[in-house]
Amino acid sequence: MERISDQLRGIVALEIFGAFPAGLLNAAAAEGVELWNSESRDANTLRVRLFEAQLPTLERLARRAGCEVRVLDRVGGREALRRVLRRPGLLIGLAAALLLLTLSTFFVWDVDVRGAESISRARVLRALEDSGFGVGSFWPGVNTDVLRSRVMLRLPELAWMTVNVSGSRAVAVVVERTEKPEMYDARERADLVASRGGLIRHMNVLAGAPAAEPGQIVAEGELLVSGDLESLTGERREVRARGSVMADTWYELNAVCPAEELLKTPKGVPRSRYALVFGKRRVNLYIGSGKPIDGCDKIITEHTLGLDGLFSTPLRFVRERFVPYGLGSGGDYSPEASARRLYALLEDGVEGQILSFSFTDGRSGELHVLTLRAHCTENIARLREGSG
Amino acid sequence: MKATRDLPAELAERLDLPEELLPGRGRLTLDGGRQALVEGQRGILEYTPERIAVSFGREKLTLSGDGLRIKAMNAGELLITGRIRTAEWG
């Protein structure tokens with residue numbers, strides 16, 4: 001298959017007939033005529049393709065070689081142009097479509113956000129919209145510096161931002177501000193207290209005076225390391241207590257589930273309705289409101305006309321699918337699923353190791369109660385600012 | 001009587017030069033028996049779907065097979081496609 005650029009030059013398919021048609025191929029190659037897709041039909045007949053502009057040269061060589069040349073087909077080139085020129089309506093339509101497509105590339109039809117991690121994409125888009133940049137904006141008229149200032153005023157979490165426009169697709173690149181590290185005065189008093197109750201196993205005090213000792217049972221909030229120090233001469237000074245206190249801790253977590261679960265099950269025939277969105281204008285291809293229908297799941301899918309990542313057009317096709325459902329009794333109670341969730345919760349809460357754990361399953365009326373009991377070892381030291 | 005020496009070939013061998021650089025020497029690159037690139041060709045001597053013979057001046061290459069076609073051609077090269085069964089230098 002020939003490339004489009006080749007087809008624009010015009011391609012001719014020929015049949016060559018003569019005593020020794022391969023001789024014509026040799027002569028053509030020597031004259032710089034490009035030939036391809038040649039096919040020998042028999043000892044005296046060849047089929048070959050070449051560019052339309054080189055046909056007169058080949059015809060001249062054929063006469064010299066005593067061969068006959070017959071044109072079988074023409075693709076593209078002048079012949080195609082002639083055919084198009086015979087249809088002015090098609091030409092006008094094509095020109096209008098090209099003009100519209102060219103004009104549409106000066107407007108933004110799709111906005112994407114990159115670099116937003118802690119700040120949500122929707123917030124960046126809203127800030128852009130409030131600053132006068134969004135779907136339908138005429139991008140050559142956008143001053144990036146002004147836009148940056150406006151957006152950064154609205155989003156103080158940003159350190160920098162810019163908008164790159166490619167075709168009709170805009171990408172807002174944002175760089176979030178790095179949080180300033182917590183600053184503290186080393187001479188300001190702070191104590192270490194227990195974040196939860198437990199049995200102290202080991203203490204590592206880097207600054208401050210220990211207020212508890214290994215083997216001692218402490219309750220939540222109890223002082224572990226004091227920031228109030230007394231020297232041998234009786235002089236008092238205040239420090240910021242630092243250190244770690246490893247203690248055995250015990251957890252009890254409960255999960256309560258109903259004995260019977262209600263699940264959605266598809267019921268009836270799903271219905272679909274469609275809409276076209278041109279920029280910000282929506283044309284519903286149905287009668288009635290867009291409110292959700294009771295007892296139906298509403299699933300919306302949108303297709304934007306264009307090439308993904310290259311360019312977008314303002315036209316979007318929206319499909320709303322309504323799937324009716326009924327509520328029925330679902331699967332049986334699964335203690336395994338509850339146990340997995342409880343264990344995940346425990347792992348998130350413990351700042352150390354889980355030494356052992358066990359589950360007990362019980363039933364209370366219509367409810368299942370699953371209990372997780374765990375024995376852990378963790379650092380329970382928590383900083384408390386100010387004097388104790 | 002001493003045999004006629006192939007002086008250019010002998011010179012190329014002594015100077016450790018690739019033989020395909022010598023005038024009248026062709027080069028054939030076969031790709032899986034379905035495609036052949038012939039370089040240094042001076043002209044097609046025979047062209048049928050079963051047989052294509054190519055001249056290099058001093059040498060001749062004959063490719064035999066089925067459905068042989070010249071896919072592309074210019075003054076020095078030929079790209080041949082089809083099921084190539086034998087290649088014979090003469």
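pLDDT is the predictor's confidence in each residue, from 0 to 100. The views below show a predicted model.

**View 1. Confidence of the predicted model and of chain B.** Chain B has a mean pLDDT of 83, and 83% of the residues of chain B reach 70 or more. For the model, the scores are ipTM 0.77 and pTM 0.40.

**View 2. The interface between chain B and chain A.** Here 13 residues of chain B are in contact with 14 residues of chain A. The size of an interface is often given as the accessible area lost when the parts come together. Between chain B and chain A, the buried area is about 1200 Å², and carbon and sulfur atoms give 52% of that area. Three residues, B:Tyr47, B:Arg69 and B:Met73, supply 48% of the area that chain B buries against chain A, more than any other three residues.

**View 3. Elements and residue classes on the side of chain B that touches chain A.** Seven residue pairs are in polar contact between the two chains, with both residues at pLDDT 80 or more, whereas the count of salt bridges between chain B and chain A is zero. Strand 3 (43–48) and strand 5 (60–73) of chain B each supply at least two residues of this side of chain B. By class, the side comprises eight nonpolar, three polar and two charged residues.

**View 4. Strand pairing across the two chains.** Strands of a sheet pair through backbone hydrogen bonds, either parallel or antiparallel. Strand 2 (residues 35–42) of chain A and strand 5 of chain B run antiparallel and are joined by three bridges. Within this pairing, A:Ser38 has B:Ile70 of strand 5 of chain B as its bridge partner.

**View 5. An open sheet in chain A.** Five strands of chain A form an open sheet in the order 11-9-15-22-21, with antiparallel pairing. Strand 11 (217–218) and strand 21 (352–364) of chain A stand at the edges with a single partner strand each, so one side of each is left without a neighbour in the sheet. Strand 9 (residues 198–207) of chain A runs antiparallel to strand 11 of chain A, and two bridges join them. A:Leu199 stands opposite A:Ile217 of strand 11 of chain A.

**View 6. A salt bridge within chain A.** Over all chains, the count comes to 24 salt bridges. One pair, A:Arg47 and A:Glu15, forms a salt bridge in which the closest N and O atoms are 2.8 Å apart. A:Arg47 lies in strand 3 (residues 45–51) of chain A and A:Glu15 in strand 1 (residues 11–17) of chain A, so the pair ties together parts that are 32 residues apart in sequence.

Note on methods. Residues are numbered from 1 along each chain as its sequence is written. Chains are lettered from A and ligands numbered from 1 in the order in which they are written. This is a predicted model: local features need pLDDT of at least 70, side-chain atom pairs count only at pLDDT 80 or more; totals for chains, interfaces and linings use all residues. Side-chain values use heavy atoms; hydrogens and water are left out. Contact means heavy atoms within 4.5 Å. Buried area is the accessible area (1.4 Å probe) that two parts lose on being put together, summed over both. A salt bridge is a side-chain nitrogen of Lys or Arg within 4 Å of a carboxyl oxygen of Asp or Glu. A polar contact is a pair of N or O atoms within 3.5 Å; within protein, one must be able to donate a hydrogen and the other to accept it, and residues adjacent in sequence count only if both atoms are side-chain atoms. Helices (H or I, at least four residues) and strands (E, at least two) are DSSP runs, numbered from the N terminus. Ala, Val, Leu, Ile, Met, Phe, Trp, Tyr, Cys and Pro count as nonpolar, Asp, Glu, Lys and Arg as charged, and the others, Gly among them, as polar. Two strands pair if DSSP finds at least two bridges between them.
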